[in-house]
Amino acid sequence: MANAAKIACSIDADLLARVESIRKKTGESRSAFISRALLALTAESARTRALKRYVAAYREHPEGAEEVRAARASTRRALAALDWDTR
């Protein structure tokens, strides 16, 4: 990590034991393990925010009857083009 910063934090001893068990199996350093965990947590937070924005936008502008008809027609065409006899 070219632009890494050191931090210090206190965590529960049982949590540390679980972290140590997992990171030893993966061969990661503590820093790598904690970085990966924080990346996953922040990515999940970003996905949650994006989903909330999507739902709010959909509620504000749901599809109309014409969009539903177009989607159904497109689906029928796509399904009709599939070879249903292949296994």
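## Salt bridges and helix packing

Glu20 and Arg23 both lie in helix α1, three residues apart, which is about one turn of the helix. Helices here are DSSP runs of H or I with at least four residues, numbered from the N terminus. The model is predicted, so local features need pLDDT of at least 70 and side-chain atom pairs count only at pLDDT 80 or more, while totals for chains, interfaces and linings use all residues. Residues are numbered from 1 along each chain as its sequence is written, and side-chain values use heavy atoms, with hydrogens and water left out.

**Salt bridges**

- A salt bridge is a side-chain nitrogen of Lys or Arg within 4 Å of a carboxyl oxygen of Asp or Glu. By this rule there are five salt bridges.
- One of them joins the side chains of Glu20 and Arg23, at 3.0 Å from N to O. Both Glu20 and Arg23 are buried. Buried means under 20% relative accessible area, exposed means over 50%, and partly exposed lies in between (1.4 Å probe, protein chains only).
- Another joins Glu44 to Arg47, with the closest N and O atoms 2.9 Å apart. Both residues sit in helix α2 (residues 30-60), three residues apart, about one turn of the helix. Glu44 has a relative accessible area of 40%, so Glu44 is partly exposed.
- Arg69 pairs with Glu66 in a salt bridge, and their closest N and O atoms are 3.0 Å apart. Arg69 and Glu66 are separated by about one helical turn because they are three residues apart in helix α3 (residues 65-80). Arg69 has a relative accessible area of 48% and is therefore partly exposed.
- Shared partners also matter for the picture: salt bridges join Glu20, Arg23 and Arg30 into one network.

**How α1 meets α2**

- Two packed helices are described by the angle between their axes and the distance between the axes.
- Helices α1 and α2 pack at an angle of about 105°, and their axes are 10 Å apart. That angle makes α1 roughly perpendicular to α2, a label that covers 65 to 115 degrees (under 35 is roughly parallel, over 145 roughly antiparallel, the rest oblique).
- On the α1 side, the contact is made by Leu16, Val19, Glu20, Ile22, Arg23 and Thr26. On the α2 side, Arg30, Phe33, Ile34 and Arg36 take part. Contact means heavy atoms within 4.5 Å.
- Axes are lines fitted to C-alpha atoms, for helices over the stretch in contact, and angles run from 0 to 180 degrees between N-to-C directions.

- Arg36 lies in helix α2. With a relative accessible area of 43%, Arg36 is partly exposed.
- Leaving out residues up to four places away in sequence, Arg36 touches Thr26 and Glu28.
- The C-alpha atoms of Arg36 and Ala71 are 40 Å apart, and the two residues are 35 residues apart along the chain.
- Ser35 is also placed in helix α2. Its relative accessible area is 24%, so Ser35 is partly exposed.

**A nonpolar patch**

- Ile11, Leu15 and Leu16 make a nonpolar surface patch of about 220 Å². Patch residues have over 30% relative accessible area and no salt bridge; nonpolar side chains (Val, Leu, Ile, Met, Phe, Trp, Tyr) are joined within 5 Å, like charges within 9 Å. Areas come from the Shrake-Rupley method with a 1.4 Å probe, and for residues only the protein chains shown count as cover.
- Leu15 belongs to helix α1 (residues 13-26). Leu15 counts as partly exposed because its relative accessibility is 35%.

Conventions
Helices (H or I, at least four residues) and strands (E, at least two) are DSSP runs, numbered from the N terminus.
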